[in-house]
Amino acid sequence: MRIVSGIQPTGSLHLGNYLGAIRNWVKMQDEVAAGGGQSLYFLADLHAISQPHVPAELAANTREMVAALVACGIDPDRSVLFNQTQVPAHAELQWLLNGTARMGWLNRMTQWKDKAGKNREGASVALFTYPVLQAADVLLYQATHVPVGEDQKQHLELARDIAQKFNNDFASEAAPVFTLPDPIIPPEAARIMSLRDGNAKMSKSDPSDMSRVNLTDDADTIMQKVKKAKTDPEPLPSDKAGLDGRPEATNLVGIYAAMAGETVDGVLARFGGEGFGRFKPALGELLVESLAPINARFISLREDRAALDAILAKGSARARELAAPTLAATYDALGLVRG
Ligand code: TYM
């Protein structure tokens, strides 16, 4: 098994990232190490320049995100932890794959449509070709599995399409250049929604900080955000079917279940019939208790810039080694003379 996944170092790590992806990264890091496989996790800093950004903030956020991932349990001795920028093969492979990706495929990407909105002409080219870079990220390492939240599923399907077309066009069936990766999406936390709107994804780019629980929030802030979360006036139902048409209630119960490692029905068996006045403090306490150790580790790690840079330097050196054979095979398959 070869696990590869990435996160953009824009803003802080939030509960959606944690429950949708990072918790699985940590779990898979242990499973993969036990089976003799390899896990690679990276900061998608090259992806972050597809949207307007402040350079000094990107640099600071990149280091903060390393601290946050280590605080969550990513072990730089067992996983390869790095940033794209230090492994030029990502950008090189993207260019090589641009010859295979089709405009029509990229035009169908929902994230492109959402982020560009009505202003397609004014969006950056990087925003449009972003999924090709994402395909390069995973194909470069022959990833077999990619742990992500639901919102990245379409991008991974595109990576498979690119890999398949490239193999068909430029390689033999007996010796394909790329492995087709499978997404791993946690069913109970595939899509954590905003605390202010049960129909919008919890996101780093939401202007309202009250919409998300950041892993760096202190206990009081977490409690306050949960208590102020949007809800409806009804008490909680006693089974899952009763959550239909109640997006905010669905989200809060889902967060509780994912965090506690319980099923939604299990949570409702306990809280069914109760109002949010009782459920919200219980959810707040669960989050505070679960996130406190991560928060404490994050605070002690974030100040040591030299240590964070050293983690990235070491991980990037290893990633460059692991990337080299596939990059070389891609150049060769395309008839590009490397000398
Ligand atoms: P990013 O930085 O937006 O998010 C990182 C991971 O968190 C998951 N996630 C969520 N899961 C559940 N509920 C949510 N509300 C939620 N918000 C975010 C995302 O699905 C993701 O797994 N393009 C990617 C980064 C990337 C990447 C890659 C991922 C670049 N190259 C290669 C996998 C493989 C992104 O912007 O994720």
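**Cavities, pockets and the ligand**

Visitor: What volume does the second largest cavity have?
Guide: A cavity is a set of points, on a 1 Å grid over the protein atoms alone, where a 1.4 Å probe fits but cannot get out; lining residues have an atom within 4 Å of a point. Volume here is the space filled by probe spheres set on the points, which are joined across faces, edges and corners. For the second largest cavity, that volume is about 50 Å³.

Visitor: Which residues line the second largest cavity?
Guide: The model is predicted: local features need pLDDT of at least 70, side-chain atom pairs count only at pLDDT 80 or more, and totals for chains, interfaces and linings use all residues. Numbering starts from 1 along each chain as its sequence is written, and side-chain values use heavy atoms, without hydrogens and water. The lining of the second largest cavity divides into four nonpolar, two polar and one charged residue. Its residues are Gln 111, Trp 112, Lys 115, Leu 127, Tyr 130, Pro 131 and His 155.

Visitor: Which elements each supply at least two residues to that lining of the second largest cavity?
Guide: Elements are DSSP runs numbered from the N terminus, helices being H or I with at least four residues and strands E with at least two. In the lining of the second largest cavity, at least two residues come from each of α6 (110-116) and α7.

Visitor: Which helix gives the largest share of the lining of the largest cavity?
Guide: The whole structure holds three cavities of 30 Å³ or more, and the largest has a volume of about 60 Å³. Among its lining residues are Gly 11, Asn 61, Glu 64, Thr 216 and Phe 298. By class, this lining has four nonpolar, four polar and one charged residue. Four residues, the largest share, belong to helix α3 (residues 55-72).

Visitor: Which space does the ligand take?
Guide: A pocket is an open set of grid points with protein on both sides within 12 Å along at least five of seven lines. A molecule sits in one if more than half of its atoms lie within 2 Å of its grid points. The space taken by the ligand is the largest pocket.

Visitor: Which element gives the most residues to the lining of the largest pocket?
Guide: The largest pocket has a volume of about 1,100 Å³. Its lining counts 47 residues, with Gln 8, Thr 10, Asn 17, Lys 115 and Lys 204 nearest its centre. The element that gives the most, with five residues, is α1.

Visitor: How many residues surround the ligand?
Guide: The closest are Tyr 130, Asp 137, Asp 151, Ile 192 and Lys 204. The shell has twelve nonpolar, eleven polar and five charged residues. Together, the residues surrounding the ligand number 28.

Visitor: What percentage of the ligand's exposed area does the protein bury?
Guide: Polar contacts are pairs of N or O atoms within 3.5 Å. A polar side-chain atom of Asp 137 is 2.6 Å from a ligand nitrogen, one of Lys 204 is 2.8 Å from a ligand oxygen, and a polar backbone atom of Gly 149 is 2.9 Å from a ligand oxygen. Taken alone, the ligand exposes 710 Å²; areas use the Shrake-Rupley method with a 1.4 Å probe. Of that area, the protein buries 97%.

Visitor: Which helix gives the largest share of the lining of the second largest pocket?
Guide: The second largest pocket has a volume of about 320 Å³. Its lining has 17 residues, and those closest to its centre include Glu 188, Arg 191 and Thr 250. The largest share of the lining, five residues, comes from helix α10 (residues 247-260).

Definitions and conventions
Near = heavy atom within 4 Å. Polar contact = N/O pair within 3.5 Å; in protein donor to acceptor, adjacent residues only side chain to side chain. Nonpolar A, V, L, I, M, F, W, Y, C, P; charged D, E, K, R; others polar.
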